[in-house]
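Biologist: I'd like to learn how to read a structure that's new to me. Could you walk me through one, feature by feature?

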Amino acid sequence: MGDGNANLWAPWRMEYIRTLAEEHKDDGCFLCRYWQQPDRDRESRVITRSESCYVVMNRFPYSNGHLLIACGRHCGRFDELTDDEHRQMTSLTRKMILALEETVHAQGFNVGTNLGRCAGAGLPDHLHTHIVPRWSGDTNYMSVVGDVRVINDSLDALYEQLRGQVGD
Ligand SMILES: [Zn+2]
């Protein structure tokens, strides 16, 4: 880690807080919005869709290739999912793990869901599972890259790769 590490985080966090504030201002739930605007998938960085679920890149990733698997419907609990929706989320998770092994050569993954605000859910009312790729000896991608523009460029590049990998 280089010495400016603490400073590199600052612009990213500020952008994060600003964007969160923007998103919560008038647009309601962004996971619902993405699902309802399939014509804007590239802009939203939605990678692929199944009948009732979809995959989107996390705009504030913990590592390169951090994805969200979301139900299209606005519900926040596993017991509110239909069996079919649950199957589709699992199936998309499996598919994206393979795609991340192919594209960014991930060596491991953290896969999980934060249920409830006290468990760290940023959007507790709309169920989504995180897939965070890991590498042996990895350092935190965000603190290495640090710059908002660089991060967005690399997210765009990876988006195209992943779309190509799981393309319909
Ligand atoms: Zn929603």
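This is a predicted model: local features need pLDDT of at least 70, side-chain atom pairs count only at pLDDT 80 or more; totals for chains, interfaces and linings use all residues.

Biologist: Which secondary structure elements does the chain have, and in what pattern along the sequence?

Modeller: There are six helices and five strands. Along the sequence they follow the pattern α-α-α-β-β-β-α-β-β-α-α.

Biologist: Back to Leu 67, then. Why does Leu 67 count as buried?

Modeller: You count neighbours: a residue is buried if 20 or more other C-beta atoms lie within 10 Å of its own. Leu 67 has 28 C-beta neighbours inside 10 Å, so Leu 67 counts as buried. Across the chain, buried residues make up 24% of the 168 residues.

Biologist: Which residues is Leu 67 in contact with, leaving aside its neighbours within four places in sequence?

Modeller: With those neighbours left out, Leu 67 is in contact with Val 55, Met 57, Asn 58, Met 96 and Ile 131. For the chain, take contacts between residues at least 6 apart in sequence: 65% of them join residues at least 24 apart.

Biologist: Now the strands. How do I read a sheet?

Modeller: The general idea is that strands of a sheet pair through backbone hydrogen bonds, either parallel or antiparallel. Here, five strands make an open sheet in the order E1-E2-E3-E5-E4, with antiparallel pairing. E1 (46–49) and E4 stand at the edges with a single partner strand each, so one side of each has no neighbour in the sheet. On average, neighbouring strands of this sheet are turned by 20° against each other, direction ignored.

Biologist: What packs on the sheet?

Modeller: Helix H4, residues 83–103, does, touching strands E2 (53–57), E3, E4 and E5. The direction of H4 makes about 165° with that of E3.

Biologist: And E4, how many of its five residues are buried?

Modeller: Zero: strand E4, residues 108–112, is hardly covered. E4 pairs with strand E5 (residues 128–134) in the antiparallel sense, over five bridges. Gly 108 stands opposite Arg 134 in E5, and Phe 109 stands opposite Pro 133 in E5.

Biologist: Let's go on to H4. How do I tell which way a helix faces?

Modeller: In H4, the buried residues are Glu 85, Gln 88, Met 89, Leu 92, Met 96, Ala 99 and Leu 100. Looking down the axis of H4, they fall within an arc of 100°, so they line one face of the helix. On the face turned away from that buried side are the exposed residues Asp 83, Arg 94 and Leu 98.

Biologist: What span does H4 have from its first C-alpha to its last?

Modeller: H4 has 21 residues and reaches 30 Å, close to the 30 Å expected at 1.5 Å a residue. After H4 comes His 105, with a positive phi near 55°.

Biologist: Which residues touch the most other members of the largest nonpolar core?

Modeller: They are Cys 53, Tyr 54, Val 55, Val 56, Ile 69, Ala 70 and Met 96, out of 26 residues in that core. The elements giving two or more residues to this core are helix H2 (30–36), E1, E2, E3, H4, E5 and helix H6 (148–166).

Notes:
Residues are numbered from 1 along each chain as its sequence is written. Helices (H or I, at least four residues) and strands (E, at least two) are DSSP runs, numbered from the N terminus. A residue is buried if 20 or more other C-beta atoms lie within 10 Å of its own, exposed if 12 or fewer, and partly exposed in between; C-beta atoms are placed from the backbone. Two residues are in contact if their C-beta atoms, placed from the backbone, lie within 7 Å. Two strands pair if DSSP finds at least two bridges between them. Axes are lines fitted to C-alpha atoms, for helices over the stretch in contact, and angles run from 0 to 180 degrees between N-to-C directions. A nonpolar core is a set of buried Ala, Val, Leu, Ile, Met, Phe, Trp, Tyr and Cys residues joined through C-beta atoms within 7 Å. The expected span of a helix is 1.5 Å times one less than its number of residues. The arc is that of the directions from the helix axis to the C-beta atoms.
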